[in-house]
Amino acid sequence: MSTTATPSLAVAHTEIAPGVVLHPDHANLIQLLDLAPLRLPHYLAWLLSSGGTLLDGLSVFMLGMAVPLVQREMAFSPWQLAFLGAGLVAGAVLGASSGGRLADRIGRKSVFLLDMSLLALAALGAALAWNPVLLIVAQALVGVAIGMDFPVSSSYVAETMPQRARGRMMVATIASQSVGMILAAFVVLSLLHLHAAADVWRLFFVAEAVLAAFFLIARLHLNESPRWLMSQGRNREAVHAIMRILPEDRQMLEATATRLADTRLHAARIPRDDQRPPFSALFAKAYRRRTILSALPWFLMDMATYGVGMFTAVLLAAMHLGSGAVDLAARTRALTLGSGFIDLFLFLGFLLGIWAVVRFGRIRMQLVGFAGMAFGMTVLLVASLLPGGPGAHMVLVFVGFIAFNLFMNMGPNSTTYVLPAELFPTQLRATGSGFAAAVAKAGATLGVFVLPIVQARVGVSGVLLLMIVVSVLGLLTTWIFRVDDSEKSLEAHQAQDLA
């Protein structure tokens, strides 16, 4: 396909912001997307795009609830247990980096279908595993699939939602993590009621596979991102995708596609003739600061989030919740109820984030969120050090967990997902989001791997102190590398002086 400009592009540009000039027909199509009212097709696209983040929360909760049961059946060693938890998020490192790059090359929808296919098969493999190694491998593949979905979902939602609703809908996408955790708690309790046996953990993963298969089938009907299609010069397909979202004048849109032919949408600080910019473009002068801002605080946030989230049940057990239960199934039920109650505040935090991130800005809420996370862990640390230990101060324990979850989700767990998709151009959006997510999952891997080891060596207090330090570092790095995060179109973001 030709990458040269059409004659009309040479004589008629539209400047949408200083330094960003577009073919006027591309500018009109972008305006249609940005100014459109939210309609049912937008909500359906958002729902299907959010499947990966929902399954991320569900898979983390399922594995956390399965760990005590798996230990009983397979007799995991401490190192194997560490690899089981770390394998899920370590796989996400590979998935995020490869999925983002792939989505910029072959399209958002293709990767959406690929990752759900892999997730369904991997979850089924986990359900059938008969030894620790197979279960670790299966969970790592689940992580690869979830990691692939992260940069694609953020890019797709950013590219298809109207400008004024973009921030809210992106926060709502990552909020699906907490919905997945709450759904997982409901599924686990239901399965424990139906089959209160040690091998019930296999049914946890079967349920995960069924849900992944549902999203795979539903995504077959998802439209490709119009912005990505325009960036590839596939303007007629882009116009048809817009028609499915907006009931505009079809004849006018067809004429627009004809005039554009194979002209590519280009709004970036990379050469116009570089239609497939290299990965190194993320570290060019124009984007280096944004790459660091997107990746480093997310690394620290995920180190705390996954470390605490995946082992909430373990931490609660160490703090003596459910210790009076007479059998393993009853204890698992008590831990599920306790963890599920805490995870309700993850969802509430996201609800606050949907309002606060747009109202106060991404950077400000990221700073407030990291500070609140440090506060929540400090409350837990105080509870663990008071006379009688945490078991005698369960109110403080729940206050600490609730504060941590609320501030995390109204702050960095929302903003770190939103920022990369807004700060990189279409040709690099999924690549930049994928790199940031991969670095984040490396932090998650470190957190999940280190937490049980730290707990075994120095106890719960050592874990909590580590999480306080990590949260403070997240606040400092956000402040140091902050950028202008005001509301504007995706294309206008690229017009800023990014040096």
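Start with the crossing of helices H7 and H19, which is right-handed. The model is predicted.

**Stop 1: the helix pair.** Select residues 132-160 for H7 and residues 426-458 for H19. Look at how the two pack: the angle is about 140°, and the axes lie 8 Å apart. Angles over 145 degrees would count as roughly antiparallel. H7 and H19 are therefore oblique to each other.

**Stop 2: the contact.** Stay on this pair and show side chains. On the H7 side, pick Phe150, Pro151, Ser154, Ser155 and Glu159. On the H19 side, pick Thr426, Arg429, Ala430, Ser433, Gly434, Ala437 and Lys441. Now colour the selection by residue class. The contact holds four nonpolar residues, five polar ones and three charged ones.

**Stop 3: Gly447.** Move along H19 to Gly447, which lies in that helix. Is Gly447 buried or exposed? Its relative accessible area is 4%, so Gly447 is buried.

**Stop 4: confidence.** The mean for the protein is 81, and 83% of its residues reach 70 or more. Then select residues 1-12, where pLDDT stays under 50. The model has 22 contacts beyond four places in sequence for residues 1-12.

Methods: Residues numbered from 1 in each chain as written. Predicted model: local features only at pLDDT ≥ 70, side-chain atom pairs only at ≥ 80, totals over all residues. Heavy atoms only, no water. Axes fitted to C-alpha atoms, helices over the stretch in contact; angles between N-to-C directions. Helix = DSSP H or I, 4+ residues; strand = E, 2+ residues; numbered from the N terminus. Parallel < 35°, antiparallel > 145°, perpendicular 65-115°, else oblique. Left-handed = near helix turned anticlockwise from the far one by under 90°. Contact = heavy atoms within 4.5 Å. Nonpolar A, V, L, I, M, F, W, Y, C, P; charged D, E, K, R; others polar. pLDDT = per-residue confidence, 0-100. Buried < 20%, exposed > 50% of the residue type's maximum accessible area, 1.4 Å probe, protein only.
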